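Q: I have a sequence and a structure on screen. How do I read them feature by feature?

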Amino acid sequence: MKDLSFNVPVVMKTEDELNETERALLAEAKQATYRSYAPYSNFSVGAAVLLADGTIVSGSNQENSAYPSGLCAERTALFYANSRYPDTAIDMLCCAARDVHGNFTLRPIAPCGSCRQVLLETETRFGRPIRVMLYGTEGIYFVDRATHLLPVYFDASYLK
Ligand code: THU
């Protein structure tokens with residue numbers, strides 16, 4: 001038997017420690033939570049994506065009475081960015097969420113597995129790491145690339 005360990009490098013910052021770009025992206029992600037459509041979960045998520053040319057686009061979770069038809073904020077933002085600017089790489093994604101009481105979560109919001117998979121595909125597509133910033137009022141997590149959020153992953157190399 002072999003013990004394989006995967007190291008997941010995460011840096012935690014306080015809001016005071018953010019640089020100007022990070023601050024701007026966070027403000028967009030927080031704003032996007034107010035445009036969420038979440039009548040079923042009452043959990044409002046916002047995601048903001050920073051493109052390589054400095055453009056910022058955002059998205060929010062969009063729910064549906066047929067639950068699986070809804071989409072998370074992260075994928076809404078990523079798919080929008082890639083459909084609007086198909087030739088522009090993505091440098092960074094930030095997400096924030098408000099709980100059923102309307103308060104931003106204490107813990108950094110954790111993207112679901114499907115959103116991690118889409119982040120990974122986007123990273124591979126442009127051959128450029130996507131920095132991920134996960135907001136919580138108690139601290140903000142940063143990872144330098146999407147693969148750090150999905151250490152054992154499926155990708156196109158299996159399909160060859
Ligand atoms: N959700 C997101 O949009 N992003 C996440 O990172 C976690 C979950 C959404 C999906 C659903 O609309 C609601 O939050 C509750 O799961």
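A: Start with the elements: helices (H or I, at least four residues) and strands (E, at least two) are DSSP runs, numbered from the N terminus. N42, for example, is found in the loop between α1 and β2. This is a predicted model, where local features need pLDDT of at least 70, side-chain atom pairs count only at pLDDT 80 or more, and totals for chains, interfaces and linings use all residues. Residues are numbered from 1 along each chain as its sequence is written, and side-chain values use heavy atoms, with hydrogens and water left out.

Q: What is phi of N42 near?

A: Phi of N42 is near 55°. That is a positive value in a residue other than glycine.

Q: Where does D16 lie, and how does D16 count?

A: D16 lies in the loop between β1 (11–13) and α1 (20–33). Its relative accessibility is 70%, so D16 counts as exposed. The C-alpha atoms of D16 and A97 are separated by 19 Å. Along the chain, these two residues are 81 residues apart.

Q: How do I read a nonpolar core?

A: In soluble globular proteins, nonpolar side chains tend to be buried together. A nonpolar core is a set of buried Ala, Val, Leu, Ile, Met, Phe, Trp, Tyr and Cys residues joined through side-chain atoms within 4.5 Å. Here the largest one has 22 residues. V49, L78, I90, L93, L119 and V132 touch the most other members. At least two residues of this core come from each of β2 (44–51), α2 (73–84), β4 (90–98), α3 (113–126) and β5 (131–136). Apart from it lies another core, of 14 residues, including L25, A48, L50 and I140.

Q: Which residues is V132 in contact with?

A: Contact means heavy atoms within 4.5 Å. Leaving aside neighbours within four places in sequence, V132 contacts L93, L119, Y141, F142, V143 and L149.

Q: T122 is a polar residue in name. Is T122 buried or exposed?

A: T122 lies in helix α3. Its relative accessible area is 4%, so T122 is buried. Not counting residues up to four places away in sequence, T122 touches L78, N82, I90 and I130. A polar atom of the T122 side chain lies 2.7 Å from the backbone oxygen of V118.

Q: What joins the side chains of S58 and R35?

A: A polar contact is a pair of N or O atoms within 3.5 Å; within protein, one must be able to donate a hydrogen and the other to accept it, and residues adjacent in sequence count only if both atoms are side-chain atoms. A polar contact of 3.1 Å joins the side chains of S58 and R35. Their C-alpha atoms are separated by 9.9 Å. S58 is in strand β3 (residues 56–60). With a relative accessible area of 24%, S58 is partly exposed.

Q: Which atoms of N61 and A73 lie by an oxygen atom of the ligand?

A: For N61, a polar side-chain atom lies 3.0 Å from a ligand oxygen atom. For A73, a backbone N or O atom lies 2.9 Å from a ligand oxygen atom.

Notes: Buried means under 20% relative accessible area, exposed over 50%, partly exposed in between (1.4 Å probe, protein chains only).
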